[in-house]
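Please look over the sequence and the model below before reading on. The paragraphs that follow go through a helix and its packing, and then through the surroundings of the ligand.

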Amino acid sequence: MSAPRVIVGLSGGVDSAVAAHLLMQQGYAVEGLFMKNWEEDDAPGYCSAAEDLADAQAAADRLGIPLRAVNFATEYWDRVFEAFLAEYRALRTPNPDVLCNSEIKFRAFLDHALDLGANWIATGHYARVSHGGAGSRLQLARDAGKDQTYFLHRLTQPQLGRALFPLADLSKANVRGIARRLGLANADKKDSTGICFIGERRFADFLARWLPADPGPIETPAGQVVGEHRGLAWYTIGQRSGLRIGGVRDAGEAPWFVAAKDAARNTLVVVQGAEHPLLYAAGLRAEQLHWIAGRPPVTADRLPFACLCRLRHRQPLQPCTLVAYDNEVCRVRFAEPQRAVTPGQSVVFYLRDECLGGAVIAAAA
Ligand SMILES: Nc1ncnc2c1ncn2[C@@H]1O[C@H](COP(=O)(O)OP(=O)(O)OP(=O)(O)O)[C@@H](O)[C@H]1O
């Protein structure tokens, strides 16, 4: 019988190269596929796709596997970037990595791999998947600090059912050690940070190319004007940096943080001190509810349902209660008030080590 075929998303980074190696060791017939998701002309100098492809090719050569390349720039633009901009224009803070997984890596890429005759796809995500008669389950990676289930929580059964995550049990240090032993040139390549097409530092410059300026006042909750903002879309709830506020009489030196966006008055509301009570919420309302199993963990008559959640990647899991849901919308109460509940980001639910799914935060509540 011939070995099952798996197509690995080779990004040019160390994680996916080591994932490919581990699958070869497990007896799979392994091939690499590099995706280009962004045309350089749309963001000159922001992306390094050519360099990444060269790194992916070097890794494939070293491992002795074939590598193909595919261009999903149109799909990425239509299904991820347009939604990302629409969310910003609606004054929310979107998470394009969540959409990139459900629309590109586990849709466009998966469909292409299946067309090429693959039985499975694999990535270098830090996450665990188990395939069983009752369906496929997504679980935390052993390395809690690297766990990427937050970004994978919108996968469906058909998507997860074809996925392998070979790094489930490894730490980043293990992965780099394996890469060095294999003589992979990218063993010490820096982790990719931020959004693939932007990178972290020039984010505000990048957004300025797509969002119109719309200045308005910055106010305290008492209505005292303390500055001018460049457009509410540029700010995120809980954020500190970028607020040029100073010299407010009797205000002291403590830094200022974004507490709310008042869209009706085009006003940014700020408070002083990282722990100000207005930065905390007892619960939230979220939309676009998705369950990985294809159904909720309990029927509505068994609510409330005690579970865990996180509101951002890497946040330690927080005890919470799902108090209400229907097909689309849910309401959640936290055991402890949570800081910076940010519309547009995801709330992701867990039961013990299993990722159940999640929803897009609409409002603190
Ligand atoms: N351009 C790409 N082409 C093919 N697969 C990709 C690409 N970018 C990311 N992937 C896949 O998605 C996984 C997770 O992507 P992420 O951007 O989080 O990379 P990472 O954790 O830095 O991993 P790596 O070290 O492999 O780049 C990668 O390990 C890889 O399998």
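In this predicted model, helix 7 packs against helix 1 through its buried residues. Helix 7 covers residues 172–181, and the residues buried in it are Lys172, Val175, Arg176, Gly177, Ile178 and Ala179. After helix 7 comes Gly183, which has a positive phi, near 70 degrees.

Helix 1 (14–25) and strand 2 (29–36) are the elements that give two or more residues to the shell around the ligand. The ligand is surrounded by 16 residues, and the closest of them are Gly9, Ser11, Asp15, Ser16 and Met35. Sorted by class, this shell holds 9 polar, 5 nonpolar and 2 charged residues.

Ser11 instead places a polar side-chain atom 2.6 Å from an oxygen atom of the ligand. For Val14 a backbone N or O atom is again involved, lying 3.2 Å from an oxygen atom of the ligand. On its own, the ligand would expose 590 Å², and 83% of that area is buried by the protein.

Technical notes. Residues numbered from 1 in each chain as written. Predicted model: local features only at pLDDT ≥ 70, side-chain atom pairs only at ≥ 80, totals over all residues. Heavy atoms only, no water. Near = heavy atom within 4 Å. Polar contact = N/O pair within 3.5 Å; in protein donor to acceptor, adjacent residues only side chain to side chain. Areas by Shrake-Rupley, 256 points an atom, 1.4 Å probe, with all protein chains shown as cover. Helix = DSSP H or I, 4+ residues; strand = E, 2+ residues; numbered from the N terminus. Nonpolar A, V, L, I, M, F, W, Y, C, P; charged D, E, K, R; others polar. Buried < 20%, exposed > 50% of the residue type's maximum accessible area, 1.4 Å probe, protein only. Contact = heavy atoms within 4.5 Å.
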